[in-house]
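Work through the exercises below with the sequence and the structure at hand. Each task is followed by a solution in steps.

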Protein chains: 2
Amino acid sequence: MRNKWVKWLIVLGSGLVIALIPPPEGVPREAWTLLAIFIATIVGSIVQPLTGSAMVFLGVVVLAISRAVPIERALSGYADKYVWLVLAAFFISRAMIKTGLGHRIALIFIRLIGRKTIGLGYSLVITDFILASFVPSTGARSGGIILPIARSVTETYDSRPEDGTAERLGTFLMTMLYQCEVILCATFLTGQASNVIIRNLVAENSGIDLNYSIWFVSAIVPSLISLIVIPLMIYRFFPPEVRETPNAVAFAHSELEKLGALSRAEKILLGVFAIVVALWITTIWHGIDSTVIALAGIAILLVTRVLDWRDLMAETNAWEVFIWYGGLVMMAGELGKTNIPTIFAGTVAAATGNLSWPLALGLIALVFFYAHYAFASITAHVMAMLVPFLLVTVAIGAPAGLTVLMLAYFANLSAGLTHYGTTPAPVYFGLGYVTQKRWWTVGLIASIINIAIWTTVGSAWWKFLGWW
Amino acid sequence: MRNKWVKWLIVLGSGLVIALIPPPEGVPREAWTLLAIFIATIVGSIVQPLTGSAMVFLGVVVLAISRAVPIERALSGYADKYVWLVLAAFFISRAMIKTGLGHRIALIFIRLIGRKTIGLGYSLVITDFILASFVPSTGARSGGIILPIARSVTETYDSRPEDGTAERLGTFLMTMLYQCEVILCATFLTGQASNVIIRNLVAENSGIDLNYSIWFVSAIVPSLISLIVIPLMIYRFFPPEVRETPNAVAFAHSELEKLGALSRAEKILLGVFAIVVALWITTIWHGIDSTVIALAGIAILLVTRVLDWRDLMAETNAWEVFIWYGGLVMMAGELGKTNIPTIFAGTVAAATGNLSWPLALGLIALVFFYAHYAFASITAHVMAMLVPFLLVTVAIGAPAGLTVLMLAYFANLSAGLTHYGTTPAPVYFGLGYVTQKRWWTVGLIASIINIAIWTTVGSAWWKFLGWW
């Protein structure tokens, strides 16, 4: 209880301190109030006296009460098409779980390549890869599809967290899955929900549109290398005791037998999946908005009764994300309309003007990456740091294209550092197969490898693509 | 299943027929497509191959796919402050049920005036009156608060639907409660959710702002008369067998004893209730937006933990209404921007130009009222008929103020006609205390009385207030 009061004090304090500082020359009072409320909201969604989305809701309300932003504009985020893209994708992910299609895909890959432990891991990573191509809900992917299967298989090898048998299989598997999950988050615009916010912020502050295909093409080369190197590193330095997993294949066989042929719902979902992803990838040709594509997919699932309307309305997590993102997107947009970001970037750039841009970009990217130790969500990290870091780096002279990609991907990769870095982290960690020490050690080593891959191979690939 | 196909055919057919008619001179193609989709959506929310809000969602999606309205504007209803007012009020109603405050209010009134059957009825109506002043969710009011108590009391008199004892008490009570509920719907802007849509449509098409206090002041005189006359009519012509209900008072006594003193949560809610309603009533003086006031109320309830954030996110009904209204408000707004309503009103007015306006208004109001036999929701009724009827009547020369009030109140009162007229109707009817014949007979008689009161006393009162 006392703890709660301290949290509220920190949140209110952070806002009040800024509000009480006189605004810099040329910054209007309302813009400054907006900044104070924005920062209090970000602090609130980190400290969490109430859950993150509730804090954002409160931020929106305070903004409207203060009249720093009129109510009509304070609610505008809830009509934002990127926010609706996320909501739509959460609804689609419901279908993945409900029809059991995700489950089936995982089983098929296990049957195919699950004979060795590393293959078993990869069969789940490949499933996650396919899912990440259109399900941004990491909670649904890992909690709803990957983890239940991973646990069942681990159980068949009597590897359990509670009786000292975790190292047999579970520790390795959970570590590998989470580290790959983070790479997959970076690989797709739909890798996790706040990538859509990154797209939005980047478009507003640099004019670059990281659409679905651009995001994926730029990521795939360093991503594939990371997806090969990181699991091998874990396998080499933290090997599982069980290295062959024929039981997993047997398990997949019998489960698939039980499932039988593809159901009508699964077939329809597969069709919708194919159409939606195909249309997303080909946006440059037909120009249909990606949100419209996703909404049309849901419409098909509703009309064919693959999805039930009540299911969607009861998707508590989807609504939380909706309130959260709608508020944050609005605040970031409103803040971007003020002159505060430019003034800030100009000031910092002037102070560090004698640094060459590669050095400046390198330093800034590193600070940006390791700052994630302080964040419990990619969203909070992105909202707090992306825009100022982007503006400063560009002001110093770094190529906008290179900066944008590096920050976008680092925002995701950095979530691998801790056991609270992004939504599924506490889920994987909470199972108890991995000690915190192991988790953080792997996270740190993986972070170094990822940074090395994405700055060298990544930069070269982006140079080749003409980004800088 | 076959039934479903017929329903889809009707919905698609209604849209296609309009889309295939060439648009009248001067109406752009997109505006005409918008009209076709709008009408298909309204038909869909009446015929319901899927539930109403799902049909509206589909309408929004089809609109965006057809590019009749671009996606940015197609989603704009979800940032509409009136839509958020409804959402906010649904959230507040959660607190009424959760804290038990609504329950307690009802018990207090029963203890006070529940000794006779008619007093018992009124004690629940007064509770509903208080609730309607800020809880627009008729489902929450009747299903969550009024009905559970009404049923408990009815049970203590061994009046049950199944064993021929319904007439003893239940039939009278349920009939009276529902007919009064409908009058209360008309009495407050927060009487039921689509009043907010009425406000919106009226403002856009006549420039008149039916805000909270204007709505209430204009309604209260005819409303009080209806609230006296209708129950007496029912009591006179369809009397209960039990005319004294001391058991109800005893029940209220013991229940209140069990409840004990006001809890902390109830006190806070009472405070929020008082502040919100006071601020709503005094809007003309301080100018704070009514949505901001409601959102601030929720913020207080969240911070004080009277409401739990997860409760709100799990409020399935609130989200359904949100999707429903956000879509409809957007469609009505977009349609209002086209020249279709003016052309339509001009054509009809020209054809009936020789009618005097009182006759025209009378006829139109009657058609508007009894058209509700065809509607299963006030929202659908309002969306389909309010704007054209309003425009035509005004074009014929009727005073806008008078027309607006009459249509606004009739839209609510007409819901008393059937056992499917508005959300709580099937709830009350479904208990089985009242036969359909009785329900419809009472509904018809009440409709005549209501029309008589609201056109005579109502018109005089509105003349006195300067509306015409």
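## Exercise 1: Asp80(A)

Task: Decide whether Asp80(A) is buried, partly exposed or exposed, then describe its surroundings in this predicted model.

Solution. Step 1: Asp80(A) has a relative accessibility of 18%. Buried means under 20%, so Asp80(A) counts as buried.

Step 1: Find its place in the chain. Asp80(A) sits in the loop between α4 (71-74) and α5 (81-99) of chain A.

Step 2: List the contacts, leaving aside neighbours within four places in sequence. Asp80(A) is in contact with Asn200(A) and Val329(A), and also with Leu75(B).

Step 3: Look at the side chain. A polar atom of the Asp80(A) side chain lies 2.8 Å from the backbone nitrogen of Tyr82(A).

Step 4: Compare sequence and space. Thr291(A) is 211 residues apart from Asp80(A) along the chain, and their C-alpha atoms are separated by 9.8 Å.

## Exercise 2: the two chains

Task: Work out how chain B is related to chain A, and through which surface the copies meet.

## Exercise 3: Ser14(A) and Leu232(A)

Task: Classify Ser14(A) as buried or exposed, do likewise for Leu232(A), and place each in its helix.

Solution. Step 1: Ser14(A) belongs to helix α1 (residues 2-20) of chain A. Its relative accessible area is 17%, so Ser14(A) is buried.

Step 1: Not counting residues up to four places away in sequence, Ser14(A) touches Ile39(A), Ala40(A) and Val43(A).

Step 2: Leu232(A) is in helix α11 (residues 212-237) of chain A. With a relative accessible area of 45%, Leu232(A) is partly exposed.

Step 3: Leu232(A) forms a nonpolar surface patch together with Ile225(A), Ile228(A) and Val229(A), and the accessible area of the four together is about 300 Å².

## Exercise 4: Lys463(B)

Task: Which helix holds Lys463(B), and how accessible is Lys463(B)?

Solution. Step 1: Helix α23 (residues 436-464) of chain B contains Lys463(B).

Step 1: The relative accessibility of Lys463(B) is 45%, so this residue counts as partly exposed.

Step 2: Gly401(B) is 62 residues apart from Lys463(B) along the chain, with 9.6 Å separating their C-alpha atoms.

Notes:
Residues numbered from 1 in each chain as written. Chains lettered and ligands numbered in written order. Predicted model: local features only at pLDDT ≥ 70, side-chain atom pairs only at ≥ 80, totals over all residues. Heavy atoms only, no water. Least-squares fit on C-alpha atoms with pLDDT ≥ 70 in both. Contact = heavy atoms within 4.5 Å. Helix = DSSP H or I, 4+ residues; strand = E, 2+ residues; numbered from the N terminus. Buried < 20%, exposed > 50% of the residue type's maximum accessible area, 1.4 Å probe, protein only. Polar contact = N/O pair within 3.5 Å; in protein donor to acceptor, adjacent residues only side chain to side chain. Patch = residues over 30% accessible without salt bridge, like charges linked within 9 Å, V, L, I, M, F, W, Y side chains within 5 Å. Areas by Shrake-Rupley, 256 points an atom, 1.4 Å probe, with all protein chains shown as cover. Salt bridge = Lys/Arg side-chain N within 4 Å of Asp/Glu carboxyl O.
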